[in-house]
Amino acid sequence: MPLKRGLFLITGLTSVTLGTIGIVVPLLPTVPFILLAAYCFARSSDRLHNWLMTHPWFSQGLNDWKNKRSINKRLKRKAMIMTTLSFVVSIAIVPLLWVQIMLVCMLCILLLFLWQIPELD
């Protein structure tokens with residue numbers, strides 16, 4: 001069991017790091033990494049799980065998702081806008097047509113996923 005707990009802890013710490021970097025780096029998603037970190041911390045460290053669930057940046061979204069399986073309308077709109085902007089910048093920078101097409105497809109799939117998430121009013 002200590003090995004499993006350690007793997008969850010390392011995965012959680014890595015996810016928080018990548019999620020935090022994803023706030024400013026295009027194409028590196030924040031939300032999935034923070035959700036993964038919450039999942040991992042719940043199985044490895046009560047202290048870190050509590051820290052993440054009460055963190056000013058992440059607590060509202062995590063608690064809404066945990067309790068209601070939905071997100072705030074404003075947060076959802078912001079996620080969709082930032083995702084679109086990140087992908088547009090990446091598509092403009094990448095010189096290869098096949099990569100641009102792949103990015104457009106990924107953007108459409110991600111926006112469809114975000115659009116289907118229930119909203120809180």
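The following questions and answers concern a predicted model of a protein.

Reader: What percentage of contacts between residues at least 6 apart in sequence join residues at least 24 apart?
Author: The protein has 121 residues, of which 31% count as buried. Among the contacts that link residues at least 6 apart in sequence, the share joining residues at least 24 apart is 56%.

Reader: How far does helix H1 reach from its first C-alpha to its last?
Author: Helix H1 covers residues 2-21, which makes 20 residues. At 1.5 Å a residue, a span of 28 Å is expected. The model comes close to that value, with a reach of 29 Å.

Reader: Which residues of H1 are buried, and how wide an arc do they cover around the axis?
Author: Gly12, Ser15, Val16 and Gly19 are the buried residues of H1. They lie on the same side of H1, because the arc they cover around the axis is only 100°.

Reader: Which exposed residues does the face of H1 turned away from its buried side carry?
Author: The buried residues of H1 are covered by elements including H2 and H3. A residue is exposed when its relative accessible area is over 50%. On the face turned away from the buried side of H1, the exposed residues are Pro2, Leu3 and Ile10.

Reader: At what angle do helices H2 and H3 pack?
Author: H2 comprises residues 31-42 and H3 residues 46-53. Their crossing is left-handed. The axes are 8 Å apart, and the angle is about 145°.

Reader: Which residues of H3 meet H2, and how many residues of each class are in the contact?
Author: From H2, the residues in the contact are Ile34, Ala37, Ala38, Phe41 and Ala42. Their partners in H3 are Asp46, Leu48, His49, Leu52 and Met53. By class, the contact of H2 with H3 comprises one charged, one polar and eight nonpolar residues.

Reader: Against which helices do the buried residues of H3 pack?
Author: In H3 the buried residues are Leu48, His49, Leu52 and Met53. They are on the same side of H3, because they cover an arc of only 130° around the axis. The face turned away from this buried side carries the exposed residues Asp46 and Arg47. The helices against which the buried residues of H3 pack are H1, H2 and H4.

Reader: Is serine 59 buried or exposed?
Author: Serine 59 is found in helix H4, residues 59-68. Leaving aside neighbours within four places in sequence, serine 59 is in contact with Leu52, Met53 and Thr54. Its relative accessible area is 17%. Buried means under 20%, so serine 59 is buried.

Reader: Which residues does leucine 36 touch, not counting those up to four places away in sequence?
Author: Leucine 36 lies in helix H2 and counts as partly exposed, at 34% relative accessibility. Its C-alpha atom is separated by 15 Å from that of histidine 55, 19 residues apart along the chain. Beyond four places in sequence, the residues that leucine 36 touches are Thr11 and Ser15.

Reader: What is the phi of arginine 69?
Author: Arginine 69 lies in the loop between H4 and strand E1, residues 71-72. Most residues other than glycine have a negative phi. Arginine 69 instead has a positive phi, near 50°.

Technical notes: Residues numbered from 1 in each chain as written. Predicted model: local features only at pLDDT ≥ 70, side-chain atom pairs only at ≥ 80, totals over all residues. Heavy atoms only, no water. Axes fitted to C-alpha atoms, helices over the stretch in contact; angles between N-to-C directions. Helix = DSSP H or I, 4+ residues; strand = E, 2+ residues; numbered from the N terminus. Left-handed = near helix turned anticlockwise from the far one by under 90°. Contact = heavy atoms within 4.5 Å. Nonpolar A, V, L, I, M, F, W, Y, C, P; charged D, E, K, R; others polar. Buried < 20%, exposed > 50% of the residue type's maximum accessible area, 1.4 Å probe, protein only. Expected span 1.5 Å × (residues − 1). Arc of directions from axis to C-beta.
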